[in-house]
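Look at the model below.

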Amino acid sequence: MASNLLKFHAQPIQNFHPLFHFNLTKLPSSTSSLCFIGSTQQLNNLYLSVSFTKPTKFNFLPLQCSLSSPTPPTTKEDAISQAKLSLLTTLEKPLNNPKLVGRLKKLKQPRFRVEIPVVDDSSSALSQLALDIFANMPIKRKGPKIKILLLWPNQSLTQAAQKAFESKSSNPIIENFDISSISDDEDIRMVNSGDVVVFMAPEVSRLSVMEAIADTLYPKPVVIFNPKWGFDEESSFGKLSGFVGSFEVVYSFMGLEVKGILSKRNGVMFKCVRNGVLSGEKWYVFVEEDGELKVVSRFKTRPSIEEVENVLYNLMAINSPITKSAKFLKDLVSNVRGQK
């Protein structure tokens, strides 16, 4: 089999355990198969480069997010299919709810978030991803066609998206705008023509404009798609942290790797909303064992880097010969001192 070279965008985990080293990495979406860390590794400040001759394969259920257990994607196509299904089923309910005249209680604005990490963030790759997700998204609604506005962070991405969608007829209607060109209230009101607004690959510098747009669109749904910032950065956004935190994740997955002195594990952190039901959907941490991914932990809310680190550390520590020896020595000392 020909050798492959993947480049994973890495989000380093600060490690407090001297016997283990952790990396939290985003899985690629531009490869035909989502393969995990191989044997040869090179790490720099931004990327974890991985080369391997034989992809690691895991046994999975079918690609849908099943009712009994979550099913991480194994290919780019699986990830797109899962994310598209999660988003469209989540959007159908608010898009089909009639406006209630005279309602005293203010309705909560539907705000959703989708994360499909990409290895290639070029204009052509991101516009193709948008095309794969939103073109001909089969959202069911009585009445006129649904209009989705995609707001891009700069002019080059907007133009690439416009070119991609020009050659593709779409239902719903898709329009692409450059959010960097929005400078006043009049520009913000212009985007109110959409039934759904999606912030594509948004940047931290545009958060204030995004909040103003979301407020203007109320009660229409808004979506954050593949934000440029990491989850661990959001606590530093000040007043805007609350705005970012108001978006509920409907689909996300991220690659995990934990290395001990004598062993290494690969895995996934994953969430997939099923049938449009947001409440109760958990975050799952999977770890490779005997060629399969098995659930090792569940979280009701999105886990912090430290929480994921502790799960992986504890898992590695249980099976580590060094840790077992350390535990034995500790027990021996305790026995000698009469403390056990």
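Aspartate 78 sits in helix α1. Helices are DSSP runs of H or I with at least four residues, strands are runs of E with at least two, and both are numbered from the N terminus. This is a predicted model: local features need pLDDT of at least 70, side-chain atom pairs count only at pLDDT 80 or more, and totals for chains, interfaces and linings use all residues. Residues are numbered from 1 along each chain as its sequence is written, and side-chain values use heavy atoms, with hydrogens and water left out.

Is aspartate 78 buried or exposed? Aspartate 78 is buried (under 20% relative accessible area, 1.4 Å probe, protein chains only). Yet aspartate 78 has no salt bridge (a side-chain nitrogen of Lys or Arg within 4 Å of a carboxyl oxygen of Asp or Glu). Lysine 76, the nearest side chain of opposite charge, is 12 Å away. Lys and Arg count as positive, Asp and Glu as negative; His and the chain ends are not counted. The side chain of aspartate 78 does make a polar contact of 2.9 Å with that of threonine 74. Such a contact is a pair of N or O atoms within 3.5 Å; within protein, one must be able to donate a hydrogen and the other to accept it, and residues adjacent in sequence count only if both atoms are side-chain atoms.

Now turn to α2, residues 123-134. Its buried residues include Leu126, Ile133 and Phe134. They pack against α1, β6, α3, β7, β8 and β9. Just after α2, asparagine 136 takes a positive phi of about 60°.

Isoleucine 133 touches Ile80, Ala83, Lys84, Ile116 and Phe225, not counting residues up to four places away in sequence (heavy atoms within 4.5 Å).

Technical notes:
Expected span 1.5 Å × (residues − 1). Buried < 20%, exposed > 50% of the residue type's maximum accessible area, 1.4 Å probe, protein only.
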